[in-house]
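This briefing concerns the structure shown below. Please read the points that follow alongside the sequence and the coordinates.

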Amino acid sequence: MIRIGIVGAGAGAAAATNALERTAPDADVTVLEKSRGVCGRAATRRRDGTVYDYGANYVKSDDERVVDVLTEALDTDGLVDIEEPVWTFDADGEVSPGEDRDDHKWTYRQGLTQIAKRLFARSDATIHRETRVERVIRDADGSTDGVWHLEDTDGRRWGPFDVLLLNPPAPQTAELLRSADWESDVRDRLVDAIDAVPFRTIWTGIFHYPFELEAPYYALVNTDKAHEVGWVAREECKPGHVPDGESLLVVQANHEWSVDRYDEPPAENLTELAALTADLLEDDRLRDPDWTDHQGWRYALPEAGVARDPLQLAEADGLYCLGDWVAGEARLHAALRNGLEVAERVADRR
């Protein structure tokens, strides 16, 4: 039996846990997640009969293995495709038809969190929610014969683990390792490599309207990253998410706007973001939503990947990093693919 500890229940961890059922069927897997939900930045909320994905918006069909997971391994009940295209706009707010080459833009009627929920449900992993890991511990001075332990903010100690998987965003993973009780040169090299991964901050506003918008697109994306708004998506284009005759916009501000206003009062941010959206879509009705929601994502999207050599050295000690920042692509399918690949390497070490 191999004992595996996982920090974070994001999409990468969910894919790895599910794959380990096949690649290492005797594995004993424990997942520690700081929040109440799973799937990380692929997050879903519900309100007044609506369902909305307020982090990642959908999963692309760009990877065959991920497609097989979604359409073959998992139950496809409620899996839906967004048919409308993604268009573009520039710094001046000029909207143009985009080159939408996505074969599919998938989500679920119940929201994107279904991906992780269904993956975990098909595994024997034990998931402990609302458990924030504060300290990583490696005994035997980092030798390959050592084991890992985790300590949470309540002082509870978890383990021992033969293998440790870290799924938080790069900055949070780096902080965990920086304070780790792990006497090894590998740790410092790994921390430096992870610290070098740049992350984009995104402040997201959710705007609901008691009327239906008419537009030929599902979403608009700012291609030059010079507009205050980076992304606007019409959640009503997702089957089952918004009742007929209503609209719900998911609006993501760009990095600079989000950083500058991250700690400002949410009501002020929502007012300004609604006004920017109304100007962009040339519809003054959008200044006055009937209800709103919001979320700040301090570590939203990795802008680059991580150096491979330190990761490989850490894996020799039984420590694996996974997620979109490891894959080097800020896409949900990339995080899922990376989780599948990590599971294979964990199985190989047995």
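In which strand is the place of Thr-30? Thr-30 lies in strand β2, strands (E, at least two residues) and helices (H or I, at least four) being DSSP runs numbered from the N terminus. The model is predicted: local features need pLDDT of at least 70 and side-chain atom pairs count only at pLDDT 80 or more, while totals for chains, interfaces and linings use all residues. Residues are numbered from 1 along each chain as its sequence is written, and side-chain values use heavy atoms, with hydrogens and water left out.

**Nonpolar cores**

- The largest nonpolar core has 43 residues; such a core is a set of buried Ala, Val, Leu, Ile, Met, Phe, Trp, Tyr and Cys residues joined through side-chain atoms within 4.5 Å.
- Buried here means under 20% relative accessible area, with exposed over 50% and partly exposed in between (1.4 Å probe, protein chains only).
- Ile-4, Ile-115, Leu-165, Leu-336 and Val-346 have the most contacts inside the largest core.
- At least two residues of this core come from each of β1 (3-7), α1 (11-23), β2 (28-32), α2 (64-73), β9 (105-108), α3 (114-121), β14 (163-166) and α10 (332-349).
- Apart from this core lies another, of 30 residues, which includes Val-7, Leu-176, Trp-182 and Cys-321.
- In soluble globular proteins, nonpolar side chains tend to be buried together.
- Leu-165 is in contact (heavy atoms within 4.5 Å) with Ile-4, Gly-5, Ile-6, Val-7, Ala-16, Tyr-320, Leu-322, Val-342 and Val-346, residues up to four places away in sequence being left out.

**Individual buried residues**

- Thr-30 counts as buried, at 13% relative accessibility.
- Not counting residues up to four places away in sequence, Thr-30 touches Ile-4, Gly-5, Ile-6, Thr-126, His-128, Trp-158 and Phe-161.
- Asn-338 is in helix α10 and is buried, with a relative accessible area of 2%.
- The Asn-338 side chain reaches the backbone nitrogen of Gly-323 at 2.9 Å.
- Beyond four places in sequence, Asn-338 touches Cys-321, Leu-322, Gly-323, Val-326 and Ala-327.
- Ala-170 belongs to helix α4 (residues 170-178) and is buried, with a relative accessible area of 0%.
- The neighbours that Ala-170 touches, not counting residues up to four places away in sequence, are Ile-194, Val-197, Phe-199 and Trp-325.
- Ala-170 and Val-197 are 27 residues apart along the chain, and their C-alpha atoms are separated by 6.8 Å.

**Packing of α2 and α10**

- The axes of α2 and α10 come within 9 Å and cross at roughly 95 degrees; axes are lines fitted to C-alpha atoms, for helices over the stretch in contact, and angles run from 0 to 180 degrees between N-to-C directions.
- Arg-65, Val-66 and Val-69 of α2 meet His-333, Leu-336, Arg-337, Leu-340, Glu-341 and Glu-344 of α10.

**Strands, pairing and hairpins**

- An open sheet is formed by 3 strands in the order β11-β12-β13, with antiparallel pairing; two strands pair if DSSP finds at least two bridges between them.
- Its edge strands, each pairing on one side only, are β11 (133-138) and β13 (157-161).
- Neighbouring strands of this sheet are turned by 15 degrees against each other on average, direction ignored.
- Between β12 (residues 148-152) and β13 there are 3 bridges in the antiparallel sense, and Leu-150 has Trp-158 in β13 as its bridge partner.
- From strand β7 (residues 86-89), Val-86 and Thr-88 point one way and Trp-87 and Phe-89 the other way, and all are buried.
- In a regular strand the side chains alternate between the two faces of the sheet.
- β7 runs parallel to strand β16 (residues 219-222), joined by 4 bridges, with Trp-87 opposite Leu-220.
- β7 runs antiparallel to strand β8 (residues 95-96), joined by 2 bridges, with Thr-88 opposite Ser-96.
- The hairpin of β7 and β8 has 5 residues between the strands, and Gly-93 in it takes a positive phi near 80 degrees.
- Strands β3 (residues 44-47) and β4 (residues 50-53) pair in the antiparallel sense over 4 bridges, and Arg-45 has Tyr-52 in β4 as its bridge partner.
- The hairpin of β3 and β4 has 2 residues between the strands, and Asp-48 in the turn has a positive phi of about 50 degrees.

Key. Polar contact = N/O pair within 3.5 Å; in protein donor to acceptor, adjacent residues only side chain to side chain.
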